[in-house]
Amino acid sequence: MSFYYKLSSPTFLGNELAYSRQAIHSGMLATNGEFIDRFEEKFNKRLKTHQIVALNSGTSSLHLALVLLGVGKGDEVICQSFTFCASANPVIYLGAKPIFVDSESDTWNISPELLEDAILNRLANGKKPKAIVLVHLFGMPAKMNEILSIAKKYQIPVLEDAAEAVGSQYGNQYCGTLGDIGVFSFNGNKILSAGGGGALVSNSTALIQKAKYLSTQAREDLPYYQHLEIGYNYKMNNLSAAIGLAQLEQLEGFVEKRRQINSTYRELLSNIPGISFQNEIKEARSNFWLTSILIDEKVTGFSNDQLRISLMKNGIESRFLWKPLHLQPVFKEIQFFGGSVSQNLFYKGICLPSSTDLNYDDQEKIVEILFKELAKTF
Ligand SMILES: *Cc1c(COP(=O)(O)O)cnc(C)c1O
């Protein structure tokens, strides 16, 4: 199915082609090259206190972050349940066990109260969690003040999965720079696309050095290939970095545009009973990667799935919210702390087209389909 309005298609209107051409002409397409350095430097300037290492996916970045936090066989890692599978899969890669925690209903991210319940339960069972993985879902910053103070109280490191939250802010800091390690994704439909890619973020130069070393096969600095440790082939390549750099030059504009799209949806859908939005708490500035709404079928008379199908018939792509990981067949044995918050979000929610090239008229057309659904029921 090809859609006329996509959920989130990347926009390449800057230096993407020029830089890609330069990268190809340089003959350096592997994991060394000018654009990797420029991409990392430009990011570092923007993050100020923190540095990144550019890697080849958000998933590999999460995997490497867990390795750096010392997660290994038999360990437990607390993880937000309401997220994409890539937040938890790397825990399994390492032979460790995720413990899933439900969301709160403002930001839709991990509930601080339930997080503390989970920690206390695991401590009472003699298992101190090795890390906490939280997510800024659809770009929306989680309740970081509360989460960080709990993490500090029990001395557990925080891994921020900011894969969807590149450019989002909490207070005066960027998401990804609030926890012990942060992770970004630059895959095809994220707000900043390098085709594929990711990054690991930290304020520790030693940790960044170690991440660079492990992500390039843990090769010693010798004229021959010498290895003291098992490494990974996780570094970003120079061609992706060329595209990523061009995109990074436009990130501010992308965030502004997606925030605009979100406020237009809010305006067009205001005063419609049964429709609600994900809430930005006062410290937060979301990049609104995907604008998502909840549909209360009892009030509107139509469900998220009915809307999804009507949109699809009109060439408009939409998507269910992430199905919580504790409800995934593959994770059915995993312990879960919480109730039905994320489950209800999944049942009621839908992500609307949020591409940066969407304009007001496009959004009116999209919302028109929703009004037609409403009209059927009255
Ligand atoms: C996209 C995404 C990832 C994985 O990133 P990739 O670059 O696709 O590997 C991880 N976590 C979340 C929440 C994501 O949305």
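A polar contact, as I use the term here, is a pair of N or O atoms within 3.5 Å. I applied this to a predicted model.

Entry 1: I looked up the side chain of Thr59 and found one of its N or O atoms 2.5 Å from an oxygen atom of the ligand. For Ser185, the corresponding distance from a side-chain N or O atom to a ligand oxygen is 2.7 Å. For Asn187, I recorded 2.8 Å between a side-chain N or O atom and an oxygen of the ligand. I then checked the cover: on its own the ligand has 380 Å² of accessible area, and the protein covers 93% of this.

Entry 2: I noted 16 residues around the ligand, of which Gly58, Thr59, Glu164, Ser185 and Lys190 come nearest. Sorted by class, this shell holds eight polar, five nonpolar and three charged residues. Which helix gives the largest share of the shell? I found it to be helix H3 (residues 58-68), with three residues. The ligand takes up the space of the second largest pocket.

**Entry 3: the sheet.** I traced an open sheet of eight strands with mixed pairing, in the order E1-E9-E8-E5-E4-E2-E3-E13. Strand E1 (51-55) and strand E13 (336-337) stand at its edges with a single partner strand each, so one side of each has no neighbour in the sheet. Within the sheet, I examined strand E5 (residues 158-161) and strand E8 (residues 181-185), which pair in the parallel sense over three bridges. Leu159 has Ile181 in E8 as its bridge partner.

Notes. Residues are numbered from 1 along each chain as its sequence is written. This is a predicted model: local features need pLDDT of at least 70, side-chain atom pairs count only at pLDDT 80 or more; totals for chains, interfaces and linings use all residues. Side-chain values use heavy atoms; hydrogens and water are left out. A residue is near a molecule or strand if one of its heavy atoms lies within 4 Å of it. A polar contact is a pair of N or O atoms within 3.5 Å; within protein, one must be able to donate a hydrogen and the other to accept it, and residues adjacent in sequence count only if both atoms are side-chain atoms. Accessible areas come from the Shrake-Rupley method with a 1.4 Å probe; for residues, only the protein chains shown count as cover. On a 1 Å grid over the protein atoms alone, a cavity is a set of points where a 1.4 Å probe fits but cannot get out, and a pocket is an open set with protein on both sides within 12 Å along at least five of seven lines; lining residues have an atom within 4 Å of a point. A molecule sits in a cavity or pocket if more than half of its atoms lie within 2 Å of its grid points. Helices (H or I, at least four residues) and strands (E, at least two) are DSSP runs, numbered from the N terminus. Ala, Val, Leu, Ile, Met, Phe, Trp, Tyr, Cys and Pro count as nonpolar, Asp, Glu, Lys and Arg as charged, and the others, Gly among them, as polar. Two strands pair if DSSP finds at least two bridges between them.
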